[in-house]
Amino acid sequence: MKALRALRTLSSKPRKTPLNPTFFHRFYAAQPQEDDSSHTPSLSDSENGSDSVFDSTHYDIPTISSDSKPKIPQKPTWNTKYRSKADELIAQKKKPDDLIFKNSSLAKKLLEAAVCLPSDDEDEEDEEEVVKEEDQKALSVGIIGAPNAGKSALTNYMVGTKVAAVSRKTNTTTHEVLGVMTKGDTQICFFDTPGITLSNRGCPYKDFKVRVESAWSSVNLYDVLIVIFDVHRHLTRPDARVIGLIKRMGAEAHPIQKRVLCMNKIDLVEKKKDLLTVAEQFKDLPGFERHFMISGLKGSGVKDLNQYLMDQAVKRSWEEDPFVMTEEVMKNISLEVVRERLLDHVHQEIPYGIEHRLMDWKELRDGSLRIEQHLITPKLSQRKILVGKKGCKIGRIGMEANEELRSIFKRDVHLILQVVTSYDPSQDGSAPYL
């Protein structure tokens with residue numbers, strides 16, 4: 001009996017586990033596969049890119065022209081006081097049955113009210129908007145200084161809108177950014193440059209070779225040069241490189257260019273008497289025509305600087321259209337806004353190694369904008385950090401950037417951010433991102 005049981009055991013075949021054809025299709029099929037409704041996302045899906053793309057159309061964002069917003073009742077086109085006077089005059093007439101006389105009187109009074117509605121000041125402003133080419137004045141202003149001195153914040157305040165990224169991190173600005181301010185017959189173009197420093201020997205640092213050379217090569221191209229530095233940091237932790245930069249730019253007067261020295265971030269200085277000490281330190285430099293104490297973030301003292309720049313404008317035609325924001329400027333603004341949010345949420349050296357590209361820019365029929373940008377990371381580990389758990393970090397960056405772009409452009413914006421990795425082909429044989 002025992003021999004019979006042993007014989008049955010040997011003759012019985014082992015059970016085979018049924019293979020899932022979907023498994024083989026998913027990993028070995030070359031053709032695209034339709035999504036399986038029963039499949040739940042896993043970590044492998046996140047690595048393959050399902051969470052590395054932010055698309056604002058996937059979120060319930062109210063459009064600017066949405067009907068869900070409460071409609072503001074339209075104001076009458078006539079002045080209320082003129083309407084009341086018209087009613088009083090009609091009521092005083094002894095012929096209430098004369099409809100022709102009543103209608104003509106009402107129409108006459110309403111016409112007078114409509115003609116007198118715009119004030120004289122508004123008419124003057126409308127006339128000032130159209131400036132003849134021979135009456136136009138222009139000025140180019142360059143802003144240079146050490147990293148994190150507040151150059152971008154001052155540029156944004158002068159222009160009145162965000163054109164450059166602002167962050168607490170150093171080297172936020174990586175290229176020259178243009179901001180335009182038009183007031184009356186004067187147009188001022190502000191050029192925000194990357195931060196530059198000097199070594200102890202007085203030569204530009206070679207660490208930021210491309211940025212520094214670009215900034216130094218354009219120093220003499222502006223009509224007015226603003227040298228800005230952080231006065232709060234100068235009082236607490238003075239830097240010999242910043243002092244050397246200030247003394248070098250103010251060593252001698254430029255024959256054509258006018259230079260001014262701006263002590264920025266005065267709102268952070270508790271004892272205002274210390275500002276006079278700093279002003280006394282640099283008062284003997286002949287290269288600076290004026291000294292200003294400002295706060296580019298809060299706007300303190302910027303009015304005096306603005307008036308000085310308006311007085312320095314020379315007669316020449318404007319270079320930028322004051323009424324229309326060009327597409328190139330809008331593209332740069334979209335990149336700067338996303339970069340600012342990237343620096344706010346991603347820390348250490350990761351944001352500086354990310355390559356930021358504008359891939360697509362399209363204006364749709366309904367007036368909205370479709371903007372697609374790619375964030376290219378050199379390492380897969382950095383890509384995972386930028387994407388976050390289930391795409392939470394890239395989603396937060398995209399939502400904040402999309403909301404700010406809507407407020408700047410005054411229209412609906414469909415922002416798409418995709419995080420990709422640029423692999424080194426020498427390591428694993430894969431093709432780099434192009």
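## Salt-bridge network

Lys162, Glu340, Arg341, Asp344, Arg396, Glu400 and Glu404 are linked in a network of salt bridges. The model is predicted. Across the structure there are 18 salt bridges.

## Arg341 and Glu404

Arginine 341 pairs with glutamate 404 in a salt bridge. Their closest N and O atoms are 2.7 Å apart. Arginine 341 sits in helix α13 (residues 327-345), while glutamate 404 belongs to helix α16 (residues 392-409), so the pair ties together parts that are 63 residues apart in sequence.

Both partners fall under the 20% limit for buried residues. Arginine 341 has a relative accessible area of 18%. For glutamate 404 the value is 13%.

## Arg396 and Glu400

A salt bridge joins the side chains of arginine 396 and glutamate 400, at 3.4 Å from N to O. Arginine 396 and glutamate 400 are 4 residues apart in helix α16, which means about one helical turn separates them.

Arginine 396 is exposed, at 51% relative accessibility. Glutamate 400 is partly exposed, with a relative accessible area of 25%.

## Arg241 and Asp239

Arginine 241 and aspartate 239 also meet through their side chains in a salt bridge, with an N to O distance of 2.9 Å. Aspartate 239 has 19% relative accessibility, so it counts as buried.

Definitions and conventions
Residues are numbered from 1 along each chain as its sequence is written. This is a predicted model: local features need pLDDT of at least 70, side-chain atom pairs count only at pLDDT 80 or more; totals for chains, interfaces and linings use all residues. Side-chain values use heavy atoms; hydrogens and water are left out. A salt bridge is a side-chain nitrogen of Lys or Arg within 4 Å of a carboxyl oxygen of Asp or Glu. Buried means under 20% relative accessible area, exposed over 50%, partly exposed in between (1.4 Å probe, protein chains only). Helices (H or I, at least four residues) and strands (E, at least two) are DSSP runs, numbered from the N terminus.
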